[in-house]
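Welcome! Please take a look at the model below, and then we will walk through it together.

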Amino acid sequence: MAIPNTPTSNHPPSIKRPLKAALMSALICPGSGQMWLGKKWQGIGFMALSFVCLAVMMNFAIERAQVIADKILAGEVALEYSAIYAQITQAPDGNMAQISTWITWLFVANWLTSIITAYLMAKKTAS
């Protein structure tokens, strides 16, 4: 007598194709779900935009850290935690803050678009 609602084989349940593509783009790298689905150039586009955004954000962070380090070396900022923390949490100057904000939003929008398109592409090919 078979027990109801139990798998008949020893294989674990598999993740549906649309969910797997979306999870790949969400957790591995934006564009990886598209690459897995065989959309090489679309995946490369999402990845390239992500890496450019990350490089720009890292450049801003390094520049900001260099400015703070120079202030510490010049004696303008005390070499103690609270003074350095105050400098780090202070909003960056004008254009740098705006560009950094736009780059961050572009990165987030690219990532979300990658997840959604991977899911929809996989769902379209499944039907």
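Predicted model: local features only at pLDDT ≥ 70, side-chain atom pairs only at ≥ 80, totals over all residues.

## A tour of the helices

Residues are numbered from 1 along each chain as its sequence is written, and side-chain values use heavy atoms, with hydrogens and water left out.

Let us start with the overall plan. The protein has 5 helices and 0 strands, and along the sequence the pattern reads α-α-α-α-α. Here, helices (H or I, at least four residues) and strands (E, at least two) are DSSP runs, numbered from the N terminus. Buried residues make up 22% of the 127 residues; buried means under 20% relative accessible area, exposed over 50%, and partly exposed in between (1.4 Å probe, protein chains only). A contact means heavy atoms within 4.5 Å. Among contacts between residues at least 6 apart in sequence, 59% join residues at least 24 apart.

Now for helix α5, which covers residues 94-126.

Ala118, in helix α5, counts as buried because its relative accessibility is 0%. Leaving out residues up to four places away in sequence, Ala118 touches Ala21, Ala22, Ser25, Gly33, Gln34 and Leu37. The C-alpha atoms of Ala118 and Leu19 are separated by 8.6 Å, although these residues are 99 apart along the chain. Asn110 is also found in helix α5. With neighbours within four places set aside, Asn110 is in contact with Pro30, Phe46, Leu49 and Ser50.

Here are some buried residues with their values:

| Residue | Relative accessible area |
|---|---|
| Ala118 | 0% |
| Cys53 | 2% |
| Asn110 | 7% |
| Cys29 | 13% |
| Gln87 | 16% |

The table includes the cysteines Cys29 and Cys53. A disulfide is a covalent bond between the sulfur atoms of two cysteines. How many disulfides are counted here? With a disulfide taken as a pair of cysteine sulfur atoms within 2.5 Å, the count comes to 0.

Finally, let us look at the largest pocket. On a 1 Å grid over the protein atoms alone, a pocket is an open set of points with protein on both sides within 12 Å along at least five of seven lines, and lining residues have an atom within 4 Å of a point. The largest pocket has a volume of about 210 Å³. Its lining residues include Glu63, Arg64, Lys71, Gln87 and Met96. Which helix gives the largest share of this lining? That is α3, with 5 residues.

Gln87 touches Arg64, Ile68, Lys71 and Val77, not counting residues up to four places away in sequence.

Note on methods. Expected span 1.5 Å × (residues − 1). 1 Å grid on protein atoms, 1.4 Å probe; cavity = no way out; pocket = protein on both sides within 12 Å on 5 of 7 lines; lining within 4 Å. Points joined across faces, edges and corners; volume = space filled by probe spheres on them.
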